[in-house]
Amino acid sequence: MIDLVGIAEIAKMFDVSSAAVTNWRKRSDNFPKPVAILKSGPVFQAEQIEKWYGRKNKMAAIIVSSINLKGGVAKTTTTVGLAQTLSGAFNKRVLVIDLDPQTNATTMLIGEEKWFSLNQAGHTISTLFEDAIDDCNNFDLSKTLQKSVGNISEVKSVDLLPSSLNLINLQDRLITMPAGKYQTRNPVNILRRGIKEITNDYDYVLIDCPPNLGYITLNGLRISDGYIIPTIPDVLSTYGIPQIVTRIAEFSDEIEDNILPIGIVATKVRGQASIHTRTLNKMRKDAGKLMGESKLRYPLVFNTIFSESARVAEAAEYEEYKTLRQKWGYQGQYDSLAEFAGEFIQITKEV
Ligand SMILES: Nc1ncnc2c1ncn2[C@@H]1O[C@H](COP(=O)(O)OP(=O)(O)OP(=O)(O)O)[C@@H](O)[C@H]1O
Ligand SMILES: [Mg+2]
């Protein structure tokens, strides 16, 4: 005989509230489907529920997007440096997803030559989006996923889903994509459907986004638990932060999920520039406070700051290194990355 359980029984099985079970069901794609829906609510097969719970507790990846509407504020540098440090210094399994048609994270991690051949073979993330638009089936996840990338001997567990310049055209075509039945062709669910089988092979998935909140970026946010906002602490780079927080909160509402603002990261900081000091102080003062009339709060600011340094800019070159410190810099540059990764781990524990 099959054991059937309702929400209340499931809550009892795992010693949580019924509300928690309802949330699991809402938030988890693979929560078992009910075998029937009675007046008293849905009923499930107990065995399926137990299996699901076991899988869930193997820990799901923490997924974080790197967002700023402003270009050139070190989104990509921060994403790649964080990924490599989480792997090399903290022994985490990390997946980097490059959603930016500029392909900067991709070439930082696998070099231009390798990218070129992958791109020619169609083994980039853009094939996934093309498939959705053209109703094809060309995306090959295992051939697209690049394992153990980055060329630093002590960094072994960073994988990459590479980007392509073609994403620029796809961005426009996504807007006019016909909405399919049951959201199966919903243009913000493409990434989620394409890669959900691998995300939980990782501790962290870091998504490098282009400097806009278009459909491609929304695909990244759709699967994200939260986002970080790298910014140069100057007037123009920080100007859009309230807009970002507001727009992403609206999007969270639309998809009935939470995408948390994890924090602002100050980048390319010039100690002598008084505008940088002033902006940083202002952001720290605003952190956690309500923004204007809205119910939303200004994001927290990470303690770590990244100083401007020619060494960090050179780290964009794809070359061989033995250690993280060698690549990212001996004069405190790598120390900042290590400090940031530590903070990041601490803060994202709570998302
Ligand atoms: N701490 C730093 N010191 C000096 N240069 C830096 C630093 N961090 C990043 N850079 C350089 O600044 C430039 C912009 O950085 P990056 O590409 O990471 O920004 P981005 O926000 O991803 O840009 P885009 O919006 O174009 O994607 C790059 O040339 C990068 O090497
Ligand atoms: Mg970038």
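Two strands count as paired if DSSP finds at least two bridges between them. In this predicted model, strand S9 (residues 260-269) and S10 meet that condition, because they share three bridges in the parallel sense. The chain has 16 helices and ten strands. Its radius of gyration is 21 Å, close to the 20 Å that the globule rule gives for 351 residues, so the chain is as compact as a globular protein of that length.

**Overall build**

- Along the principal axes, the C-alpha atoms fill a box of roughly 70 × 50 × 40 Å.
- Of the 351 residues, 51% count as buried.
- Among contacts with a separation of 6 or more, 74% come from residues 24 or more positions apart.

**Strands S9 and S10**

- Val269 stands opposite Ser307 in S10.
- From S9 the chain crosses through helix H13 (residues 274-286) to S10.
- This β-α-β crossover is right-handed.

**Aromatic pairs**

- A pair of aromatic rings is described by the distance of the centres and the angle of the planes.
- The structure holds eight aromatic pairs.
- Phe14 and Tyr53 form one of them, with 3.8 Å centre to centre and 15° between the planes.
- That pair counts as stacked, because its 15° falls under the 30 degrees cut-off.
- Phe14 lies in helix H1 (residues 7-14) and Tyr53 in helix H3 (residues 46-56), so the pair ties together parts that are 39 residues apart in sequence.
- Phe14 is buried, at 15% relative accessibility.
- Tyr53 is partly exposed, because its relative accessible area is 21% and buried means under 20%.
- Phe302 and Phe340 pair edge-to-face, at 4.8 Å centre to centre and 70° between the planes.
- Phe302 belongs to strand S10 (residues 301-307) and Phe340 to helix H16 (residues 333-348), so this pair ties together parts that are 38 residues apart in sequence.
- Both Phe302 and Phe340 are buried.

- Lys327 lies over the face of Trp328, at 5.7 Å from the ring centre.

How values were computed: Residues are numbered from 1 along each chain as its sequence is written. Chains are lettered from A and ligands numbered from 1 in the order in which they are written. This is a predicted model: local features need pLDDT of at least 70, side-chain atom pairs count only at pLDDT 80 or more; totals for chains, interfaces and linings use all residues. Side-chain values use heavy atoms; hydrogens and water are left out. Rings of Phe, Tyr and Trp (its six-membered ring) pair if their centres lie within 6.5 Å; planes under 30 degrees apart count as stacked, over 60 as edge-to-face and the rest as tilted. Helices (H or I, at least four residues) and strands (E, at least two) are DSSP runs, numbered from the N terminus. Buried means under 20% relative accessible area, exposed over 50%, partly exposed in between (1.4 Å probe, protein chains only). A charge sits over a ring if NZ of Lys or CZ of Arg is within 6 Å of the ring centre and within 35 degrees of the ring normal. A crossover is right-handed if, with the strands pointing away from the viewer, the path from the first strand over the helix to the second runs clockwise. The radius of gyration is taken over C-alpha atoms; the globule rule is 2.2 Å times the number of residues to the power 0.38. Contact means heavy atoms within 4.5 Å.
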